[in-house]
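Trainee: I have a model open and would like to learn how to read it. Can we go feature by feature?

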Amino acid sequence: MLDVTEIRKDFPILHRQVNGQPLVYLDNAATSQTPRQVIDTIVDYYSRYNANIHRGVHTLSQEATDAYEQARIKIQKHFGAANTREIIMTSGTTEGINLVAQGFTGFLETGDEIWVSAMEHHSNIVPWQMLCERTGARLRVIPMNEEGVLVLEPFKEGLSDRTKLVFCNHVSNALGTVNPIEEIIQTAHSAGAAVLIDGAQAAPHMRADMQKLDVDFYTVSAHKLCGPTGAGALYGKEEWLKKLPPYQGGGEMISEVTFEKTTYAALPHKFEAGTPNICGGIAFGAALDYLNGIGMDQIAAYEAELLSYATESLLAIEGLKIYGQAARKTSVISFNLEGVHPYDVGTLLDKMGIAVRTGHHCAQPVMDFYKIPGTIRASFSFYNTREEVDRLAQGVEKARQMLS
Ligand code: C6P
């Protein structure tokens with residue numbers, strides 16, 4: 001088991017007060033907190049070797065380039081990619097998805113089909129709708145049931161030679177469900193379709209090996225992995241990345257430019273136009289070092305225990321309903337109190353120093369499915385404790401008494 005008392009010492013923010021109370025930070029699915037090892041990496045970058053990369057012959061530029069490319073290697077190894085050509089540095093999951101959606105424009109035609117799951121984040125719905133508008137392709141939905149589990153039969157029966165792309169999140173941000181992506185990938189491949197898995201909510205809780213999954217694209221955001229905002233990565237199979245056209249034009253992504261014709265840089269730089277978030281990329285690498293220093297298996301085991309303790313504690317509260325009861329979940333609990341608006345509960349919890357997210361969590365179709373305006377979402381990380389779960393349960397009970 002983890003030594004959480006020691007781990008918490010790494011996170012300065014966890015020791016602050018909010019509204020006169022010690023902070024209980026349970027909004028980790030929105031963004032995780034940053035350990036001092038990552039903060040130090042950022043300070044070190046700007047203090048010692050801030051420079052543009054891949055451009056200069058001077059020492060600072062070479063140091064920054066080396067650190068940035070080292071970070072790419074860390075990301076490649078962490079996610080089990082075959083080589084660094086398959087790792088595109090992005091600003092986050094949203095950019096990774098948009099890059100692929102843009103790239104497929106020339107590969108689709110009217111009547112082709114794209115499947116998405118019923119529990120997607122908006123960033124895995126809207127870019128595909130835009131792709132459909134550009135190409136005349138049709139968006140189809142893998143449905144879900146009351147427990148918040150995907151129902152794969154309609155998807156399996158609906159596959160045809162018109163199916164070109166399938167998108168699914170590895171873990172739902174609104175419900176915490178771990179989706180059967182292995183089965184989805186195999187099924188889609190048997191119909192000749194490419195698969196993008198949105199790993200934004202899975203990566204903080206488990207290891208995903210790109211080669212074992214045999215997935216075509218996988219996206220992550222550094223800020224959910226103890227790293228900074230504005231950094232992330234897109235994994236893409238080399239064969240796909242070679243086929244897709246560049247996402248944006250600009251410096252860095254070219255081989256040669258004349259007014260008659262431009263040739264593009266080799267992978268991965270073909271997809272990395274302009275000056276990237278250099279410090280963010282380097283800090284992303286440091287965040288992965290930090291997580292691997294603790295161990296992803298240890299993190300998963302600790303969070304599973306915390307999830308079951310929190311589920312039990314919250315279900316003891318009168319009129320509390322949890323949305324998302326899948327057998328395989330990450331440490332996310334979406335819930336409501338009977339007859340109470342989630343926003344009011346969230347506001348009262350904040351007064352008690354407890355940070356949760358309320359609303360539709362950028363997954364409006366999930367809320368529509370349950371016919372609710374939103375939920376209160378408590379999302380736990382490996383640095384949260386049972387005492388914090390107790391503070392949450394007491395806070396929710398107090399809110400219930402005040403509001404109902
Ligand atoms: N979900 C949440 O509170 P970006 O913003 O690009 O880093 O990540 C977008 C994204 C994509 N997919 C999933 C499954 C996500 O959960 C998110 C981000 C946050 O649930 C902020 S809306």
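Trainee: How many residues surround the ligand, and which are the closest?
Mentor: Bear in mind that this is a predicted model. The ligand is surrounded by 16 residues. The closest are T94, D198, Q201, S221 and R357.

Trainee: Which polar side-chain atom lies 2.6 Å from an oxygen atom of the ligand?
Mentor: One that belongs to T94. H223 also places a polar side-chain atom 2.7 Å from a ligand oxygen. K224 faces a nitrogen atom of the ligand instead, with a polar side-chain atom at 3.0 Å. On its own the ligand has 510 Å² of accessible area, and the protein covers 86% of that.

Trainee: Next, salt bridges. How many are found in the whole structure?
Mentor: The search finds 22. The criterion is a side-chain nitrogen of Lys or Arg within 4 Å of a carboxyl oxygen of Asp or Glu. Start with E6 and K9, whose closest N and O atoms are 2.6 Å apart. Both sit in helix α1, three residues apart, about one turn of the helix. E6 is partly exposed, at 41% relative accessibility. K9 is exposed, at 52%.

Trainee: Which parts of the chain does the pair R85 and E238 link?
Mentor: R85 and E238 form a salt bridge at 2.8 Å, N to O. The pair links distant parts of the chain, 153 residues apart. R85 is in the loop between α3 and β4, while E238 is in helix α9. R85 is partly exposed, with 37% relative accessible area. E238 is buried, with 15%.

Trainee: Are D216 and K237 buried or exposed?
Mentor: Buried means under 20% relative accessible area. D216 has 3%, so D216 is buried. K237 has 15%, so K237 is buried too. Salt bridges with shared partners also build a network, which joins E109, D112, R162 and K164. Back to D216 and K237: their side chains meet in a salt bridge at 3.3 Å, N to O. D216 lies in the loop between α8 and β9, K237 in the loop between β10 and α9, and 21 residues separate them.

Trainee: What about a charged residue without a partner? How far is K270 from the nearest side chain of opposite charge?
Mentor: That side chain is E238, 9.9 Å away. K270 is buried yet has no salt bridge. Its side chain does reach the backbone oxygen of L241, at 2.8 Å. Beyond its sequence neighbours, K270 touches several residues, including K242, P245, M253 and Y264. K270 lies in the loop between β12 and α10.

Trainee: Which peptide bond is cis?
Mentor: The one from L267 to P268, with omega near 0°. P268 is also placed in the loop between β12 and α10.

Trainee: And backbone angles: what is phi of N19?
Mentor: Near 50°, a positive value in a residue other than glycine. N19 lies in the loop between β1 and β2, and N19 is partly exposed at 46%. H361 has a positive phi as well, near 55°. H361 sits in the loop between β16 and α13. With a relative accessible area of 0%, H361 is buried.

Methods
Residues are numbered from 1 along each chain as its sequence is written. This is a predicted model: local features need pLDDT of at least 70, side-chain atom pairs count only at pLDDT 80 or more; totals for chains, interfaces and linings use all residues. Side-chain values use heavy atoms; hydrogens and water are left out. Helices (H or I, at least four residues) and strands (E, at least two) are DSSP runs, numbered from the N terminus. Buried means under 20% relative accessible area, exposed over 50%, partly exposed in between (1.4 Å probe, protein chains only). Lys and Arg count as positive and Asp and Glu as negative; His and the chain ends are not counted. A polar contact is a pair of N or O atoms within 3.5 Å; within protein, one must be able to donate a hydrogen and the other to accept it, and residues adjacent in sequence count only if both atoms are side-chain atoms. Contact means heavy atoms within 4.5 Å. A residue is near a molecule or strand if one of its heavy atoms lies within 4 Å of it. Accessible areas come from the Shrake-Rupley method with a 1.4 Å probe; for residues, only the protein chains shown count as cover. Lists of a residue's contacts leave out its neighbours within four places in sequence.
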